[in-house]
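Here are my notes on the two-chain model, as numbered points. Please read them with the structure open.

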Amino acid sequence: MKKLFSMIMAGAMMVGLLAGCGNNDAGTTAAFKIGGTGPLTGGAAIYGNAVKNGAQIAVDEINALGGMQFELNIQDDEHDPEKAVNAYSNLMDWGMQVSLLAVTSKPGEAISANHFEDRVFGLTPSASAPAVAEGKDNVYQVCFSDPNQGTASANYIADQQLGEKIAVIYKNDDVYSTGIYETFIAQAQARGLNVVSTTTFTSASENDFNVQLTEAKNAGADLLFLPMYYTPASLILSQADSMGYEPKFFGVDGMDGILTVENFDTTLAEGVMLLTPFNADAQDEKTQAFVKKYQEQFGQIPNQFAADAYDCVYAYYQALTNANATPDMTAAQLCDLMMEQFSTMSFDGLTGEGMTWTNGLVSKSPKGMVIENGAYVGM
Amino acid sequence: MNKIKNLWATRRDSVIAFGIVIAAYIVVQIMSMTGNISYSLKGMLVPICAYVVMAVSLNLTVGVLGELSLGHAGFMSVGAFTGIVVTTVLTDAVPSDGLRLAIAMVVAAAAAAVVGVIVGVPVLRLSGDYLAIVTLAACEIIKSIVNVLYIGMDSKGLHLSIVKQSFTLEEGGKMIINGPIGVSGINKISTFTAGFVLILITLFVILNLINSRHGRAIMAVRDNKIAADSIGISTTRYKLLAFVISAAFAGMAGTLYAMNYSTVTAAKFDFNLSILVLVFVVLGGLGNIWGSVIAAALLTVLPELLRKLNFNDYRMLIYAILLIALMLFNNSKLKQMLLERRGSKKAAKTEGEVA
């Protein structure tokens with residue numbers, strides 16, 4: 001009986017704690033509360049942390065200007081839609097006013113529905129699946145959407161005549177990879193590209209690519225299209241090298257960061273081509289200042305995710321300034337203002353000049369890059 | 001009064017289990033009516049219900065039948081995706097959300113039960129570690145199959161293909177399950193009340209089963225298979241019975257869970273989820289149904305509670321340490337002492353009553 005009683009008491013305490021937290025005061029400080037979720041732990045942590053760091057730099061810069069103030073809160077979602085919804089709820093209790101949505105696609109899709117219901121404006125740095133913004137008038141993307149990349153890659157390969165026979169390896173249990181593959185293959189057919197081999201892998205089998213590479217080699221492919229993140233891609237490069245297979249490699253924005261993989265011989269990446277919106281070696285002032293700051297604070301070269309997040313915060317800065325928004329506005333009021341701003345404004349950021357949005361999708365042109373002497377060079 | 005006393009004496013565990021669930025429901029309802037509920041807690045109510053049903057149903061296999069199953073998430077997956085297909089198909093035919101959810105759950109339970117039979121018949125010939133490994137494999141197989149499943153719907157009806165999408169939908173058609181991309185744009189119809197009713201049904205069925213002739217037969221199989229065989233209990237039949245009922249409820253929990261999120265992928269229902277539910281069952285106590293209810297609810301809330309308390313960076317570390325601490329406590333002499341003290345007090349009390 002005593003045990004039961006103590007159990008009930010413990011339960012009541014728990015509920016009390018949770019309820020107590022609900023009444024957090026919103027807007028005592030005169031800062032806009034920007035929230036977001038991302039995988040800060042687990043297999044995709046590298047992307048979540050890049051976004052967190054990139055956004056933090058932008059927030060610090062803007063706060064240092066002394067005018068509009070921002071407060072940033074990125075919660076861990078472990079790359080899991082369920083946890084992302086929990087993280088989102090937590091941010092709502094914190095008093096989030098505008099949101100960076102989620103870093104990865106599936107969590108982004110899950111919480112974008114909540115954003116839509118609760119009328120909170122969401123601008124995602126990198127959740128690239130089309131379903132994230134589809135049908136939600138208050139969810140915008142700063143990254144290219146996946147289909148966009150597949151089509152652009154196929155067009156690029158066809159226009160530049162990069163390969164006669166093309167092989168594709170993609171990850172068929174991954175939204176990002178499958179999404180790009182599907183539009184790539186459709187556009188490749190439309191453009192008359194000759195795809196001679198298509199092979200797949202899953203997260204369970206991403207440590208050996210000999211089968212896929214052998215098939216591509218036997219089919220005589222001279223261009224290998226790799227719509228995937230850079231970790232498996234780095235393995236493909238080294239395994240292809242050890243079996244003496246030397247096609248051209250073509251990647252998408254997930255390939256960005258391959259030069260920072262630990263224990264990876266970067267000479268293998270020589271000549272790898274990729275489409276990416278961001279180039280850490282670009283010579284313009286803005287990029288260089290950002291890269292320098294990022295390296296000082298976090299000891300790494302920023303990848304595209306960090307740059308996208310940096311752009312997100314600055315896009316908010318521009319939109320909020322233009323709309324004369326004040327931190328005491330509610331999330332729903334800000335949502336209306338932001339929708340109005342983002343549908344009309346043009347934004348210059350690290351990842352593209354003159355970005356505009358239609359139906360939440362950004363229009364900016366991907367840059368073709370090639371790796372030469374361990375650095376990205378524009379093609 | 002005597003009746004209640006009798007009920008308390010004979011079916012104490014059942015009374016506690018129902019009491020906890022109903023009390024929690026009332027408390028939450030009052031909180032949400034007075035506006036005292038946090039956004040976080042509100043968002044977690046449905047998943048908590050789903051996990052409670054998962055834990056209670058797994059307890060039937062692990063605690064009551066005594067077979068270690070690591071494939072419970074597989075049945076949840078079957079239920080989740082069946083539920084999604086059923087609710088999408090019935091969107092126009094059944095306008096009422098609650099009714100549609102109920103129908104979906106029934107169909108999902110049937111589908112999960114069928115898969116339970118298919119998995120169970122060969123698997124239940126094994127026991128111990130072998131059974132655990134094979135159920136784990138079954139869970140992975142289900143995950144892989146759902147991962148390459150394409151289901152779409154247009155005016156001609158349902159289209160299904162495996163590995164590659166081999167059908168094209170008419171104008172206005174809708175992909176329901178899109179292979180590895182999973183399901184998008186689910187119309188969220190799960191509610192806390194639906195979850196509450198599902199828990200009550202689960203508790204009612206499973207507690208009554210345990211306290212019935214069948215339940216005693218299942219426990220006899222657990223305690224001594226040879227002895228049970230010798231007195232004419234069909235061990236295979238009772239093993240299968242418990243396993244399939246457990247799978248059916250996991251299917252219902254899957255539907256409840258899936259209909260609470262706008263997107264679901266097969267990858268969510270992997271063996272990690274099976275292990276998570278197993279942790280609920282083990283921490284709540286094998287065979288202890290109300291223990292499972294409490295463990296599932298608390299351990300689902302705990303990581304979010306730690307987030308609230310601003311342990312952000314160490315959140316999952318603390319969670320793991322708490323789990324280890326609870327496990328140690330469950331096996332410790334301290335707990336035994338506490339239980340013994342309670343037992344002796346009770347004994348003294350009954351003695352006093354007799355005298």
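1. Buried area, as used here, is the accessible area, taken with a 1.4 Å probe, that two parts lose on being put together, summed over both. The model is predicted. Between chain B and chain A the buried area is about 3700 Å². Carbon and sulfur atoms give 58% of that area.

2. Contacts next. On the chain B side, 41 residues are in contact with chain A. On the chain A side, 42 residues take part.

3. How many salt bridges does the rule find across the interface of chain B and chain A? It finds 6. One pair to inspect is B:Lys308 with A:Asp93, whose side chains meet in a salt bridge at 2.6 Å, N to O.

4. Polar contacts between chain B and chain A come to 21 residue pairs, counted with both residues at pLDDT 80 or more. The elements of chain B that give two or more residues to this side are α2 (12-33), α3 (39-64), α12 (289-308), α13 (315-330) and α14 (333-354). The largest share, 8 residues, comes from α12(B). By residue class, the side of chain B that touches chain A divides into 21 nonpolar, 11 polar and 9 charged.

5. Is A:Ser153 buried or exposed? A:Ser153 counts as buried because its relative accessibility is 0%, and the cut-off for buried is under 20%. A polar atom of its side chain lies 2.7 Å from the backbone oxygen of A:Gln149. Beyond its neighbours within four places in sequence, A:Ser153 is in contact with A:Phe184, A:Phe225, A:Phe250, A:Val252 and A:Leu275.

6. A:Leu101 is not a glycine, yet has a positive phi of about 55 degrees. A:Leu101 sits in strand β3 (residues 98-102) of chain A and is buried, at a relative accessible area of 0%. A:Asn324 also has a positive phi, near 55 degrees, and is likewise a residue other than glycine. The setting of A:Asn324 is the loop between α11 (304-322) and α12 (331-344) of chain A. At 61% relative accessibility, A:Asn324 counts as exposed.

7. A:Asp174 is in the loop between β6 (165-171) and α7 (175-190) of chain A. Its relative accessibility is 16%, so A:Asp174 counts as buried. For a distance check, take A:Asp174 and A:Thr330: 156 residues apart along the chain, with C-alpha atoms separated by 36 Å.

8. Last, B:Leu276, in helix α11 (residues 271-284) of chain B. With a relative accessible area of 27%, B:Leu276 is partly exposed. Leaving aside neighbours within four places in sequence, B:Leu276 is in contact with B:Tyr51 and B:Tyr319. The C-alpha atoms of B:Leu276 and B:Ala137 are separated by 17 Å, and the two residues are 139 apart along the chain.

Terms used
Residues are numbered from 1 along each chain as its sequence is written. Chains are lettered from A and ligands numbered from 1 in the order in which they are written. This is a predicted model: local features need pLDDT of at least 70, side-chain atom pairs count only at pLDDT 80 or more; totals for chains, interfaces and linings use all residues. Side-chain values use heavy atoms; hydrogens and water are left out. Helices (H or I, at least four residues) and strands (E, at least two) are DSSP runs, numbered from the N terminus. Buried means under 20% relative accessible area, exposed over 50%, partly exposed in between (1.4 Å probe, protein chains only). Contact means heavy atoms within 4.5 Å. A salt bridge is a side-chain nitrogen of Lys or Arg within 4 Å of a carboxyl oxygen of Asp or Glu. A polar contact is a pair of N or O atoms within 3.5 Å; within protein, one must be able to donate a hydrogen and the other to accept it, and residues adjacent in sequence count only if both atoms are side-chain atoms. Ala, Val, Leu, Ile, Met, Phe, Trp, Tyr, Cys and Pro count as nonpolar, Asp, Glu, Lys and Arg as charged, and the others, Gly among them, as polar.
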